Amino acid sequence: MGHTVTKLMITTELEKLKSALENKNLLDLSKEIKEELDSLNSITLDIAITGVSGAGKSSFVNALRGVSDYDDSAAKIGTTETTMNPEKYKHPIFPNVAIWDLPGIGTTEFKANEHLKMTEFAKYDFFIIVTAERFTENDALLSNEIQKMGKRCYLVRSKIDLSIMSEERNPYYVGKEKSLEKIREYCCENLRKAGVSNPKVFLLSSWKPNLYDFPLLQDTLKNEQDDLKRLVIIESMPVYSREALEIKKAAIEEILWKAALVSCVIDAITIPDLSLVCDFPFLVTTMEKFYKIFGLDERSLYILAKRVGKPIDELRLAIKKLPTKITIEFVQDQVKIELSKSWIKTTVAYVLGFIPLLGSLASSFVTTYFILKKILNDVVEDAKNVLAKAIEPYAKHSAETPVMND
Ligand SMILES: Nc1nc2c(ncn2[C@@H]2O[C@H](COP(=O)(O)OP(=O)(O)OP(=O)(O)O)[C@@H](O)[C@H]2O)c(=O)[nH]1
Ligand SMILES: [Mg+2]
């Protein structure tokens, strides 16, 4: 990597840092950023899923959590396992994220608003109403009530794989895209008639979450949240596709400079010997978090293995660039490698020219930033390998993008 390249890689970040320093001093800014980053682990996200019996709620809950329907922690599915009471399902990796399976709010016995009063409405960040067929008047009422009470409500038409399969049997089959549009129009028409203006429906399959509108729904959910919750959604969303990996990568890249800043400034107070250059425990913790976000940690691999019905060892072998476990020794080696690069010194000088205020911390800032960046790239590469391994056998049989949990 040449000097010019590294300059380019850090200039946008330095501009952000510089403008943030215009009305705050370095220590206050770093403390504030530290609080913001720490809060990512404690901010809760509660997603409510509702709909009539058999709509596919429990399957959808599992798909959003990235677990197999037959995982120990899964929401039980199937016609004999009807959910009767609200059930909380924690995200298997991010305990501050929960998906709630709320059976039939607003079914005929109660009016939607009566029901919402009984539901602990305030605690949910947003609602998703699921149906496997048409949307009923109740769905429309409920959706309108939720929005009137100030929360977002998304409409999902589930089991689209089944609908497409049965359409294909029709001798007058018009192709997948047209069939999907037909179903979409039918759903929207129902909703309009029942009083929903401008309905937007996501057509998806919990069995094929890399297809149809599942990725679009995930994208929409994250875009319609504020910054911190948006990051929590991005961190916790399961990796069904390369697109999901890219979304995660882009979001994490944006906060790398913040992590590097916190690490060098806050640690300058607590670690007197700055010849250490980097705060190793901090780097270990951050890299462990990367593993979780991209599904490379042991538990994520275990869950994925179960979902795709493969031995976990096979998935582990796909991790080629990084060790299965991050250790202090690994991080120390990485720092050594980074420091031996000729461009580090010139980049430090460049950073100091930009923000003289950093002073003796500049070297730690630059080293930490580029190590995190390198590890992030490696994590994403390995996550791509794991994803490819997870979907491998299906690629041979299907012209479509391969699916994961058939
Ligand atoms: N083909 C297909 N089947 C699905 C899909 N989602 C759910 N199913 C099946 O539909 C049935 C009902 O799904 P559940 O997820 O249990 O539905 P539910 O809304 O939780 O049902 P209750 O708990 O009874 O209210 C199960 O047999 C699922 O396997 C899907 O996307 N595609
Ligand atoms: Mg259920």
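1. Strand 1 (residues 45–51) and strand 3 (residues 97–103) run parallel and are joined by seven bridges. Two strands are taken as paired if DSSP finds at least two bridges between them. Helices (H or I, at least four residues) and strands (E, at least two) are DSSP runs, numbered from the N terminus. Within this pairing, A48 stands opposite W100 in strand 3.

2. On conventions: this is a predicted model, in which local features need pLDDT of at least 70 and side-chain atom pairs count only at pLDDT 80 or more, while totals for chains, interfaces and linings use all residues. Residues are numbered from 1 along each chain as its sequence is written, chains are lettered from A and ligands numbered from 1 in the order in which they are written, and side-chain values use heavy atoms, with hydrogens and water left out.

3. Overall content. The protein chain has 16 helices and six strands. Of its 406 residues, 54% count as buried, where buried means under 20% relative accessible area, exposed over 50% and partly exposed in between (1.4 Å probe, protein chains only). Among contacts between residues at least 6 apart in sequence, 70% join residues at least 24 apart; a contact means heavy atoms within 4.5 Å.

4. Strand 1 in more detail. Seven of the seven residues of strand 1 are buried. L45, I47, I49 and G51 point one way from the strand, D46, A48 and T50 point the other way, and all are buried. Strand 1 also pairs with strand 4 (residues 126–131), in the parallel sense and over five bridges. In that pairing, I47 stands opposite F126 of strand 4.

5. Strand 2 and strand 3 run antiparallel and are joined by four bridges. Y89 stands opposite I99 in strand 3. Strands of a sheet pair through backbone hydrogen bonds, either parallel or antiparallel.

6. Six strands form an open sheet with mixed pairing, in the order 2-3-1-4-5-6. Strand 2 (87–90) and strand 6 (201–203) are at the edges with a single partner strand each, so one side of each has no neighbour in the sheet. From one strand to the next the twist averages 25°. Helix 3 (residues 57–65) packs on the sheet and touches strand 1, strand 2, strand 3, strand 4 and strand 5 (152–157). The direction of helix 3 makes about 175° with that of strand 3. Axes here are lines fitted to C-alpha atoms, for helices over the stretch in contact, and angles run from 0 to 180 degrees between N-to-C directions.

7. Helix 11 against helix 14. Helix 11 (residues 280–294) and helix 14 (residues 328–339) pack at about 105°, with their axes 9 Å apart. The two helices are therefore roughly perpendicular to each other, on a scale where angles under 35 degrees count as roughly parallel, over 145 as roughly antiparallel, 65 to 115 as roughly perpendicular and the rest as oblique. F280, P281, L283, V284 and M287 of helix 11 meet I328, F330, V331, Q332 and V335 of helix 14. By class, this contact has nine nonpolar residues, one polar and no charged. Ala, Val, Leu, Ile, Met, Phe, Trp, Tyr, Cys and Pro count as nonpolar, Asp, Glu, Lys and Arg as charged, and the others, Gly among them, as polar.

8. Cysteines. With a disulfide taken as a pair of cysteine sulfur atoms within 2.5 Å, the count is zero. The sulfur of C187 has its closest cysteine sulfur in C188, at 6.6 Å, which is too far for a bond. C187 is buried, with a relative accessible area of 0%, and C188 is buried as well, at 7%.

9. Two loop residues. G150 is found in the loop between helix 5 (137–148) and strand 5. G150 counts as exposed because its relative accessibility is 62%. From C-alpha to C-alpha, G150 is 9.7 Å from A122, although the two are 28 residues apart in sequence. Q225 lies in the loop between helix 8 (214–223) and helix 9 (227–236), and counts as buried because its relative accessibility is 14%. Leaving aside neighbours within four places in sequence, Q225 is in contact with F126, R230 and I233.
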